[in-house]
Structure formats: C-alpha cells, structure tokens
Amino acid sequence: MKLISVELLRLAIPLVSPFRTSFGVQTSRQVLVVKVTTADGVVGWAECVALTDPVYSSEYVDGAAHVIEHHLMPRLLATGNLTAARVAGALHTVKGHRMAKAAIETAVLDAELRTASTSFATHLGGVVDRVPAGVSVGIMDSVPELLSTVEGYLAEGYVRIKLKIQPGWDYEPVKAVRERFGDILLQTDPNTAYTLGDWKLLAALDPFDLLFHEQPMDEEDLRGHAELSKLLKTPICLDESIVSAKVAADAIAMGACSVINVKPGRVGGYLESRRIHDVAQANGIPVWCGGMLETGIGRAANAALASLPGFTLPGDISASNRYYSQDLTPPFVLEDGHITVPTAPGIGVDPLPEVIEGLLVSRQQLL
Ligand code: NPQ
Ligand code: MG
C-alpha cells in the first residue's frame with residue numbers, strides 16, 4: 001500500500017462531566033487524530049490515546065505529535081510495500097512511544113482493511129456481534145454523589161461498575177455501593193495509588209466480593225503485585241504495567257496478575273493487543289478491553305477487539321455519551337447493556353467532518 005497523505009489533527013473535546021482519578025481531574029480531552037490517504041484514495045483513521053499531561057504513562061499529546069512528526073514518519077515512509085503488519089518493525093528502532101506508534105499502525109490498518117472490505121472484527125478474529133459494556137466511575141466529593149452517579153449508570157444498563165479509588169477514598173465508597181446495589185459486577189481502579197505498605201487498606205475491601213483491583217501499585221512493580229496478591233482475597237488485574245505480550249507473559253508467570261486489561265494504545269496497537277489476548281488465553285487468564293476515553297474512532301476499533309473469544313469480562317467500552325455530548329463519529333449507544341460491534345470495512349465508522357472541523361485546534365500535513 002502507498003500513502004499519498006498523512007495528516008495529524010489535534011482536537012479539543014469537553015467532557016460531559018469532570019473525570020477524577022488518583023492522578024488528577026480531567027474536564028476535557030485533547031485528541032490527536034491520524035488520517036492517512038492511500039494512492040487508491042482510501043482514508044484510514046486512528047486516534048492516539050495519550051493524555052494532555054504525562055500522568056497516566058510517560059506519553060502525552062505534545063510528545064506524541066512530536067515523535068510522530070520527527071521520528072515515526074521518516075521510518076514509516078522509508079518502508080517499501082507498506083502493510084499494517086510491517087509498521088511495528090519499521091518503527092522498532094524508536095524506543096517506547098507505544099501510544100504514538102499505535103495510532104500510526106491503526107491508521108494504516110484501517111486503510112488496509114477498508115481497501116480489502118474487511119472489518120476490524122473479522123480481521124482480528126471476533127466471535128460475537130455485540131459486547132457487554134462496563135463503565136468507569138471517578139472519585140467523587142461525597143458518597144451520596146457517587147451513589148446517584150452509579151444509580152444513573154445502572155439505570156442506563158451498564159453491566160459492570162468500576163470505581164476509581166485511592167487511599168482515603170476506598171472503604172466507604174466501595175461499601176456504600178455494594179450495600180446499596182447488591183450483587184452487581186464491581187471492580188476498583190486505583191491507577192497505581194497504593195504501595196505494598198498500604199496492603200491492609202486493600203485487604204479491608206476483601207469482604208465486598210470485588211471482581212479485582214486494577215493496577216493497585218506502580219506500573220514497574222510486577223514483583224510487588226505478586227507479593228500483594230498473596231495478601232489479598234480479591235484478585236489483581238494489571239493495566240499500566242502490561243505494555244507488551246512479553247510483559248504480559250512475565251506478569252502471568254510471576255503471579256503478578258490473574259486478569260489483564262488490554263488497551264491497544266498502551267501496548268502499541270491492535271496487533272500486539274491480539275498477541276496479549278493469545279498469551280493470556282493460553283494461560284487461562286481472562287482479558288477485557290480497557291478505555292482511554294476514546295472518541296468513536298478508537299471506540300469502534302476497541303469494540304472489535306473486545307469481540308475476541310478471550311475477552312470474557314465486560315470492558316470500559318461505554319457509550320459515547322459517557323464522556324462526550326457530541327462524538328466525532330455517529331454515537332455508540334448502549335443497547336441492553338451492550339455495544340454493537342461495527343461490521344463495515346475497517347473500523348466501520350466514519351468521522352463526521354463538521355464535528356471534526358468544529359473541534360479542530362490544529363492540522364498538520366505530514367505527507
Ligand atoms: C484506566 N481509563 O483504566 C483509564 C484511566 C484514564 C476509563 O478509567 C483522558 C484520557 C483522561 C485517558 C482519564 C478509565 C483519562 C484517560 C483516566 C484514562 O486507568
Ligand atoms: Mg486502569
């Protein structure tokens with residue numbers, strides 16, 4: 001495949017409500033969108049999931065834009081016979097920057113699959129037509145506010161609740177949600193806020209029959225998570241730590257996790273995501289598709305990934321209106337607690353030009 005154009009669009013999209021985690025409060029999202037056009041006139045789309053600030057991982061929007069322009073593009077354009085399968089190898093000499101690399105690979109994959117009239121779900125090996133939707137609930141100012149927020153999401157049909165927690169906001173909110181809503185599927189996500197010394201704070205949550213704690217400690221502390229898992233009844237899921245299939249295999253072998261949150265942006269793309277799915281499945285470890293507040297561009301591809309057989313737990317593939325009043329694509333809506341997997345070629349959705357233009361902060365023509 002030959003590219004004749006690569007554009008980098010930067011958009012600013014307000015969130016419908018502030019989203020607070022242990023690493024800060026987000027009220028809007030800066031989104032980097034990659035748009036490639038092939039010699040046959042086929043357009044491929046992808047979004048980079050990096051945050052505005054390097055607080056979830058070391059990547060951030062300005063850094064991703066810079067590394068794409070100055071380091072990834074030259075390598076991509078030097079690749080003869082470009083296919084999506086060749087992108088990771090072409091970019092391998094650049095260390096890290098997995099979210100930036102994922103955006104490039106995914107845009108090429110979208111163009112390739114649209115050209116072949118094949119959907120992401122078909123290409124990746126999806127086996128279901130719709131996927132169960134969970135929802136991530138931020139840290140709130142009070143328990144009553146939390147309970148009314150959770151009540152609202154359950155009323156919308158979400159099949160699983162994930163609560164952001166941190167020391168000082170853990171026992172009370174988890175206990176209140178469990179007592180008020182009974183045996184709903186419930187999990188926590190501290191985003192690395194605890195240390196091994198805090199283990200008793202997490203052990204206090206053992207009575208609440210949680211599915212797991214997601215990434216309770218530092219992303220580089222696999223051994224610590226293996227130690228922590230011996231001190232808790234509640235299982236451990238990893239998110240930030242799992243940056244590749246290799247690390248997933250190590251984490252599983254070390255007993256650092258018994259569940260894995262797969263995020264294509266975090267691991268370098270959908271092809272590596274499938275490898276992580278395969279490694280986990282080979283080891284009897286369930287996976288689920290995490291979320292990075294993607295717009296419909298990333299949400300469409302995530303829904304396809306979540307349709308693979310090893311994705312047996314509800315993901316953070318919420319409806320568009322969980323985060324945005326107007327999505328960049330036709331909105332994803334919750335139907336009986338599920339999101340329908342797109343079946344059209346490529347990611348299966350097309351961004352709405354007028355919405356893109358209305359939110360555009362800058363546009364860079366890289367090719
Ligand atoms: C997580 N996502 O699972 C991440 C955290 C997160 C749905 O909880 C902008 C972009 C803001 C990505 C805030 C969810 C974000 C973000 C939180 C990701 O750990
Ligand atoms: Mg997480």
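Trainee: Arg160, Lys162, Lys164, Asp189, Glu214 and Asp316 are linked in a network of salt bridges. What makes a pair such as aspartate 316 and lysine 162 a salt bridge?

Mentor: Their closest N and O atoms are 2.6 Å apart, and the rule asks for a side-chain nitrogen of Lys or Arg within 4 Å of a carboxyl oxygen of Asp or Glu, so the pair qualifies. In this predicted model, local features need pLDDT of at least 70 and side-chain atom pairs pLDDT 80 or more, while totals for chains, interfaces and linings use all residues. Residues are numbered from 1 along each chain as its sequence is written, chains are lettered from A and ligands numbered from 1 in the order written, and side-chain values use heavy atoms, without hydrogens or water.

Trainee: Where do aspartate 316 and lysine 162 sit in the chain?

Mentor: Aspartate 316 is in the loop between α12 (296–305) and β12 (338–340), and lysine 162 is in strand β6 (residues 160–164), 154 residues away. The helices and strands here are DSSP runs numbered from the N terminus (H or I, at least four residues, for a helix; E, at least two, for a strand). Both partners are buried.

Trainee: How do you know whether glutamate 7 is buried or exposed?

Mentor: Its relative accessible area is 8%, so glutamate 7 counts as buried. Glutamate 7 meets lysine 35 in a salt bridge at 3.8 Å, N to O. Glutamate 7 lies in strand β1 and lysine 35 in strand β2, so the pair ties together parts 28 residues apart in sequence. The structure holds 21 salt bridges.

Trainee: How many of them run between domain 1 and domain 2?

Mentor: The count is one. Arginine 20 and aspartate 141 meet at 3.9 Å, N to O. The domains are domain 1 (3–117 + 350–365) and domain 2 (122–340), with bounds from an automatic or database domain assignment. Their centres, taken over C-alpha atoms, are 23 Å apart.

Trainee: What makes up the area buried between the two domains?

Mentor: Buried area is the accessible area (1.4 Å probe) that two parts lose on being put together, summed over both. Here that is about 3,100 Å², with 67% from carbon and sulfur atoms. In domain 1, Phe19, Arg20 and Tyr56 lose the most, together 22% of what that side buries.

Trainee: Why is a set of residues called a nonpolar core?

Mentor: The name goes to buried Ala, Val, Leu, Ile, Met, Phe, Trp, Tyr and Cys residues joined through side-chain atoms within 4.5 Å. The largest such core has 123 residues, of which Ile68, Leu163 and Ile260 touch the most other members. Helix α3 (residues 98–115) gives the most, with nine residues, and the core draws at least three residues from each of domain 1 and domain 2.

Trainee: Which residues is leucine 163 in contact with, beyond its neighbours within four places in sequence?

Mentor: Among them are Val137, Leu146, Val150, Pro173 and Asp189; contact means heavy atoms within 4.5 Å.

Note on methods: Buried < 20%, exposed > 50% of the residue type's maximum accessible area, 1.4 Å probe, protein only.
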